Amino acid sequence: MNQRALITVNTEAPSKHRLNPYIFGHFVEDIRDHMDAMLAFTLKDMDFEDEADTRGVSSGWYAVTNGKNTEYTLEPAAPRHSGHSQRIRIFSADRCYGGIGQQVSVEGGLPYRISIVARAAMDLRAAVCEIVDRASGEVLSRTEVGLRGHKWNEYKLELIPDRSCEKAEFRILLSSEEVTWRDGMGSGMLWLDHVSMLPSDSIGYVKREVVELTKQLKPGMMRLAGNYISAYHFEDTIGPVLERPNMINEAWGGWTNKYFGTDEFLAFCRDTETEPLICVNAGTGSPEEAAAWLEYCNGSVDSEYGALRARNGHKEPYGVKYWEIGNEIYGPWQHGHCTAEQFAHRYNRFADAMKAVDPDIVLLACGDCDPEWNRTVLSLSADKMDMLTLHIYHGFGTVGITPDTPKEERYPAVMSFPEVSRAAISKTEEIITGNPAYSHVKLAITEYNTMYYPNTIRAGRPMEHTLEAAVANAANLNEFIRQSHLIEIGSYSDLVNGWLGGCIRVGDCYADQYRGKETGWSGRSRMVYGTPTFHVMKAYANREISRVLKVHTDSPTFDWPSGSKRFGLEPGNLPALDVAAGVNESGSVLTLFAVNRGLSAVEAELAIGSFADSGVAAIWELSGNDYELINDVFEPEAVTAEEGLLKFQDGKPLLTLKPHSVYVIEVRK
């Protein structure tokens with residue numbers, strides 16, 4: 001028998017404040033395989049920056065030759081290019097072919113744009129570029145590249161595979177089988193400084209599917225930041241991509257992705273119709289550098305950096321309004337880590353320098369869930385900030401989940417995330433409301449995630465967002481909505497793959513934070529799909545909400561045995577139903593966000609005032625038989641939001657909420 005509940009919405013008293021749609025924002029960072037998965041480039045190690053293998057081939061590639069004496073060496077690159085160049089030498093006497101290859105997955109009939117930067121010995125007249133099936137050796141596409149001598153040249157060509165192939169191979173080959181030269185010094189050599197392969201349906205450098213799914217999320221705001229930003233220098237990733245230096249990612253290891261710099265990020269924001277938020281380097285950076293970055297984005301063509309932007313092909317200012325100073329500077333893992341007092345003085349210098357360039361920007365200061373940090377920063381910098389940031393990651397740090405926690409204990413802990421978020425937010429709100437000088441300061445939750453860490457659903461496989469995590473995220477979003485008088489921005493971490501599995505998943509490859517990318521196992525590496533969390537975020541962000549309504553819920557409860565020592569929350573009973581509500585600006589559309597965190601079905605009566613006279617509501621349901629359900633490359637839509645109608649009579653709407661489920665109900669007058 002279903003449990004019973006009553007949900008009462010005060011539809012006659014909408015909030016005075018408007019809910020900011022940026023609360024449903026997202027976040028991109030150069031971490032793990034985030035950029036590799038997000039960007040459309042088919043090849044890796046495109047600039048031969050990796051170390052040489054035992055043959056002398058940059059480790060992202062491998063030797064392809066039938067010659068006995070083919071030589072490979074990494075050499076310094078040309079003056080205008082970064083990293084190494086890959087030298088290949090074949091001998092005429094071998095009567096062989098020789099070159100390099102890389103495993104790729106290709107779609108049949110889709111043109112791939114190839115760009116090669118190379119120089120060659122004068123006796124080499126041509127090279128061959130091809131895609132083959134690794135298993136059968138069948139050539140799927142092939143073209144000849146006429147070489148133009150010893151000077152560096154860029155060659156552009158196109159390959160169109162005859163059919164799709166998951167385990168294909170891209171090759172660049174030289175041949176001495178039909179031509180002859182003297183095997184002396186400087187003969188038979190080709191130097192490669194850059195090789196890229198981009199599918200023609202990409203949008204800029206980003207996968208078309210990623211752009212399309214991001215637009216479905218209607219994120220409102222997109223944040224560029226993360227730990228890597230504290231050692232990131234924007235001038236390294238602007239201008240012609242072939243002239244950008246290869247830089248170490250000092251936070252996460254490996255190489256910083258130079259193909260997704262400021263202009264590419266802002267193009268992505270334009271293509272996905274989102275407002276950009278840029279976090280500046282307040283770790284190893286300077287106020288002058290931050291001001292220059294701002295001028296590059298917003299300055300006129302008469303300014304130094306505005307003129308540089310124009311020379312890079314972007315004459316009109318971008319008008320980036322939202323800027324964050326400092327990413328987790330409170331943490332010892334962060335470049336530039338310091339005390340709260342030191343950061344406040346540093347923040348003030350950055351704020352002054354940036355406001356001098358553009359006084360109309362909105363500035364966010366690095367806050368912490370530790371109230372003492374926030375108390376100090378506000379006391380010294382409140383008059384120079386518009387928002388204070390918090391990062392709220394749930395799991396071991398908040399409710400003590402470990403890999404060994406039994407699922408029966410883990411589940412109620414995961415479902416408690418809204419209470420934990422409320423506690424973290426409330427500690428900061430007490431400080432803000434306790435001093436009239438802080439009354440203008442709002443909160444920005446510029447990183448949060450509700451997928452418990454570590455996810456042990458599939459040991460040794462990518463971290464995945466389960467239905468359980470999506471239900472927790474929905475309840476957590478309800479808390480953000482209830483606190484929207486204070487919270488202006490939310491940034492879900494991460495958008496694609498990356499740190500905790502990604503809201504959007506690309507393929508079945510995954511990257512360990514410290515040990516590099518691992519290969520996939522399914523043969524479906526090109527699959528792009530939304531996780532259960534994606535479908536929650538999409539259902540929430542696409543609703544017409546302007547004003548928040550108060551909700552009272554008489555609900556059954558579930559036991560929360562762990563509590564949260566970090567936030568002083570004692571174990572106890574929590575309501576199974578978590579409900580938030582809002583109306584559009586005209587008051588004609590009521591939206592309820594109802595989450596059943598319990599393990600039993602609940603039948604809830606909806607007391608929604610005059611909206612009950614409508615007799616029908618649109619409804620989106622996210623549910624499943626098992627809270628550990630995931631979407632994957634085999635079943636990318638195992639968990640989605642199913643749309644339907646809820647009919648009701650006599651002004652008494654009844655909603656049956658399945659266990660561990662999310663419902664969005666929209667009623668129109």
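The model is predicted: local features need pLDDT of at least 70 and side-chain atom pairs count only at pLDDT 80 or more, while totals for chains, interfaces and linings use all residues. Residues are numbered from 1 along each chain as its sequence is written, and side-chain values use heavy atoms, with hydrogens and water left out.

Select residues 275–280, strand β14. Strands (E, at least two residues) and helices (H or I, at least four) are DSSP runs numbered from the N terminus. Five of the six residues of β14 are buried, so the strand is largely enclosed by the rest of the structure; buried means under 20% relative accessible area, with a 1.4 Å probe and protein chains only.

Pairing requires at least two DSSP bridges between the strands. Met 222 stands opposite Pro 276 of β14. Between β13 and β14 the chain passes through helix α3 (residues 262–272), in a right-handed β-α-β crossover: with the strands pointing away from the viewer, the path from the first strand over the helix to the second runs clockwise.

Next, show residues 322–325, strand β15, which runs parallel to β14 and is joined to it by four bridges. Here Ile 278 stands opposite Trp 323.

Finally, select helices α4 (residues 287–298) and α6 (residues 340–357), whose axes come within 8 Å and cross at roughly 30 degrees. The axes are lines fitted to C-alpha atoms over the stretch in contact, with angles running from 0 to 180 degrees between N-to-C directions. The contact (heavy atoms within 4.5 Å) includes Leu 294 of α4 and Phe 350 of α6.

Conventions. Buried means under 20% relative accessible area, exposed over 50%, partly exposed in between (1.4 Å probe, protein chains only).
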